[in-house]
Amino acid sequence: LYDNTNTAVSSLIAGTGGTIDLVSSALAATQTSLTVRATNATTGCTADFTSQAITVNANPTVVITNPVAVCSPSTVDLTAGSITTGSTAGLTYTYWTDAGATSSLGTPSAVSASGTYYIKGTNASGCYDIKPVVVTINPLPSTALTLAYSATSVCVGASITVTVQSSESGVNYRLYDNTNTAVSSLIAGTG
């Protein structure tokens, strides 16, 4: 198999009297035709079959911007245009759980688990690019802690102490009133 510049683009395959397949190497956009050349192994005489015009379509480019991390139970929408901004225009996107794009992602508009997923962008010619996208869904701090109030009824101007038992390390705590106004300092959990 030869391209339009008379360069071999496949391995030499011996005829068997039956069907054989000639598979080209990876083609470039400059290769616009293919020709099968038959060479007699004994005499060295060659004959070319009629050339076949081919079109080598450009591969698209998928550019990924990982979505902002969210807190559970929020979800991430992988179909949001901001995630693929900068990609080749006009692509059709599909969403996958594996790099080979063989296992589809059930609800790409509402991903609820952290992990690496894959976005496949396909152009009108059927050419595609697959890129990973990382989703981070952070767990909420535990609300199953025991709280102890120093009082539940006080006079105007007095304060109340709320003790958080078994606070979580890496979590900050602050007391808010019924109008969602902070009424205490930010205190780091001690674990």
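Q: How does the lining of the largest pocket divide by class into nonpolar, polar and charged residues?
A: Bear in mind that this is a predicted model. The lining of the largest pocket has 14 nonpolar, 9 polar and 2 charged residues, and the pocket itself has a volume of about 590 Å³.

Q: Which residues lie nearest the centre of the largest pocket?
A: Of its 25 lining residues, those nearest the centre are Val 162, Val 164, Tyr 173, Arg 174 and Leu 175. The elements that give two or more residues to this lining are β11 (146–149), β12 (162–165), β13 (172–173) and β14 (187–188).

Q: Which strand gives the largest share of the lining of the second largest pocket?
A: Strand β3 (residues 37–39) does, with 3 residues. This pocket holds about 340 Å³ of space, and its lining divides into 12 nonpolar, 4 polar and 1 charged residues.

Q: What is the order of the strands in the open sheet of 3 strands?
A: As a general idea, strands of a sheet pair through backbone hydrogen bonds, in either a parallel or an antiparallel way. Here the order is β7-β8-β9, with antiparallel pairing, and the edge strands, each pairing on one side only, are β7 (92–96) and β9 (128–135).

Q: How many bridges join β8 to β9?
A: There are 8 bridges between these antiparallel strands, and Ile 119 has Lys 131 in β9 as its bridge partner. Their hairpin has 5 residues between the strands, and in it Gly 126 takes a positive phi near 90°.

How values were computed: Residues are numbered from 1 along each chain as its sequence is written. This is a predicted model: local features need pLDDT of at least 70, side-chain atom pairs count only at pLDDT 80 or more; totals for chains, interfaces and linings use all residues. Side-chain values use heavy atoms; hydrogens and water are left out. Two strands pair if DSSP finds at least two bridges between them. Helices (H or I, at least four residues) and strands (E, at least two) are DSSP runs, numbered from the N terminus. On a 1 Å grid over the protein atoms alone, a cavity is a set of points where a 1.4 Å probe fits but cannot get out, and a pocket is an open set with protein on both sides within 12 Å along at least five of seven lines; lining residues have an atom within 4 Å of a point. Grid points are joined across faces, edges and corners, and a volume is the space filled by probe spheres set on the points. Ala, Val, Leu, Ile, Met, Phe, Trp, Tyr, Cys and Pro count as nonpolar, Asp, Glu, Lys and Arg as charged, and the others, Gly among them, as polar.
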